[in-house]
Amino acid sequence: MAAIAALWRKARDYMKTKEFRDYMTSTHFWGPVANWGLPVAAFRDMKASPEIISGRMTTALIFYSMAFMRFSYRVQPRNLLLMACHATNVVAQSVQASRYLAYHYGGGAGETTAVATTDADTATTDADTATTDADTATTHADTDTTACVCDLNDFSLD
C-alpha cells in the first residue's frame with residue numbers, strides 16, 4: 001500500500017511541473033486528443049448496418065493511419081499518444097473493412113435482398129387472401145403490410 005501511495009505522490013508532483021504544463025498545452029497532446037474522434041466513430045459505427053460503410057473511405061483511413069503511425073514514431077520527440085490513436089484506428093477500420101467485404105462480397109447484401117423479396121411475396125399473398133375472404137379482409141385491412149414480418153425460423157443458429 002505504501003508503494004501505491006508513493007507512486008501517487010510522484011505522479012501528483014510531476015503534474016505540478018512546468019514540463020507537464022508545457023506538454024498539456026502543446027500540439028503533441030491536443031492533436032492526438034482531437035484525432036481520437038476517428039477510432040471512436042469507427043467503433044460506434046460497428047453497431048450500424050454494413051450498408052453505410054464506404055470501402056474507399058475505410059481503405060483511405062487505414063493507409064492514412066498507417067502513415068501517421070510511422071510519422072508519430074519518427075518525429076522528435078516521439079508522440080506515442082498519437083501513435084496509439086492511429087494504431088487503434090487501423091484496428092477499428094480493419095474491422096469495418098472486413099464487415100464491408102463480408103456484406104458486399106460474402107453474400108450479406110444478397111441475403112438481405114432475398115429476405116426482403118420473400119417478405120414482399122408474403123405480404124402480396126396476405127393481400128390476396130384478404131380480398132377473397134370477407135371475414136379476413138377486415139382483419140388484414142387494419143394490419144400495416146409495410147411492417148417487417150419476421151419469422152423465428154429466419155434466426156436459426158444452424
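Asn89 counts as buried because its relative accessibility is 0%, buried being under 20% relative accessible area, exposed over 50% and partly exposed in between (1.4 Å probe, protein chains only). This residue sits in helix α6, which runs over residues 80–105; helices here are DSSP runs of H or I with at least four residues, strands are runs of E with at least two, and both are numbered from the N terminus. The model is a predicted one, in which local features need pLDDT of at least 70 and side-chain atom pairs count only at pLDDT 80 or more, while totals for chains, interfaces and linings use all residues. Residues are numbered from 1 along each chain as its sequence is written, and side-chain values use heavy atoms, with hydrogens and water left out.

What does the side chain of Asn89 make a polar contact with? The partner is the side chain of Ser65, at 2.6 Å. A polar contact is a pair of N or O atoms within 3.5 Å; within protein, one must be able to donate a hydrogen and the other to accept it, and residues adjacent in sequence count only if both atoms are side-chain atoms. Setting aside neighbours within four places in sequence, Asn89 is in contact with Ser65 and also with Leu38, Pro39 and Leu61, where contact means heavy atoms within 4.5 Å.

Now for the overall layout. Of its 158 residues, 18% count as buried. Among contacts with a separation of 6 or more, 71% come from residues 24 or more positions apart.

Helix α5 (residues 55–74) packs against α6 at an angle of about 160°, and the two axes are 8 Å apart. That makes α5 roughly antiparallel to α6. Axes are lines fitted to C-alpha atoms, for helices over the stretch in contact, and angles run from 0 to 180 degrees between N-to-C directions; those under 35 degrees count as roughly parallel, over 145 as roughly antiparallel, 65 to 115 as roughly perpendicular and the rest as oblique. The crossing of α5 and α6 is left-handed, a label used if the near helix is turned anticlockwise from the far one by less than a right angle, with right-handed used if clockwise. On the α5 side, the contact includes Leu61, Tyr64, Ser65, Phe68 and Met69, and on the α6 side His86, Asn89, Val90 and Tyr100 are among the residues taking part. The residues of this contact divide into 14 nonpolar, nine polar and no charged. In this count Ala, Val, Leu, Ile, Met, Phe, Trp, Tyr, Cys and Pro are nonpolar, Asp, Glu, Lys and Arg are charged, and the others, Gly among them, are polar.

Two other α6 residues are worth a look. His86 lies in helix α6 and counts as buried, at 1% relative accessibility. Apart from neighbours within four places in sequence, His86 is in contact with Asn35, Tyr64, Ser65, Phe68 and Met69. Tyr100 is in helix α6 too, and its C-alpha atom is separated by 8.9 Å from that of Ile52, 48 residues apart along the chain. Not counting residues up to four places away in sequence, Tyr100 touches Ile53, Ser54, Gly55 and Tyr105.

The loop between α5 and α6 holds Pro77, which a cis peptide bond joins to Gln76, with omega about -5°. Arg78 lies in that loop as well. Is Arg78 buried, exposed or partly exposed? At 45% relative accessibility, Arg78 counts as partly exposed. The side chain of Arg78 reaches the backbone oxygen of Tyr73 at 2.9 Å, and Arg78 touches Ser72 along with Tyr73, residues up to four places away in sequence not being counted. The C-alpha atoms of Arg78 and His28 are separated by 9.0 Å, although the two are 50 residues apart along the chain.

Val33, Ala34 and Asn35 in α3 meet Gly37, Leu38 and Pro39 in α4, a contact of four nonpolar, two polar and no charged residues. Thr25 lies in the loop between α2 (18–24) and α3 (27–35) and is exposed, with a relative accessible area of 64%. A polar atom of the Thr25 side chain lies 3.1 Å from the backbone oxygen of Arg21.
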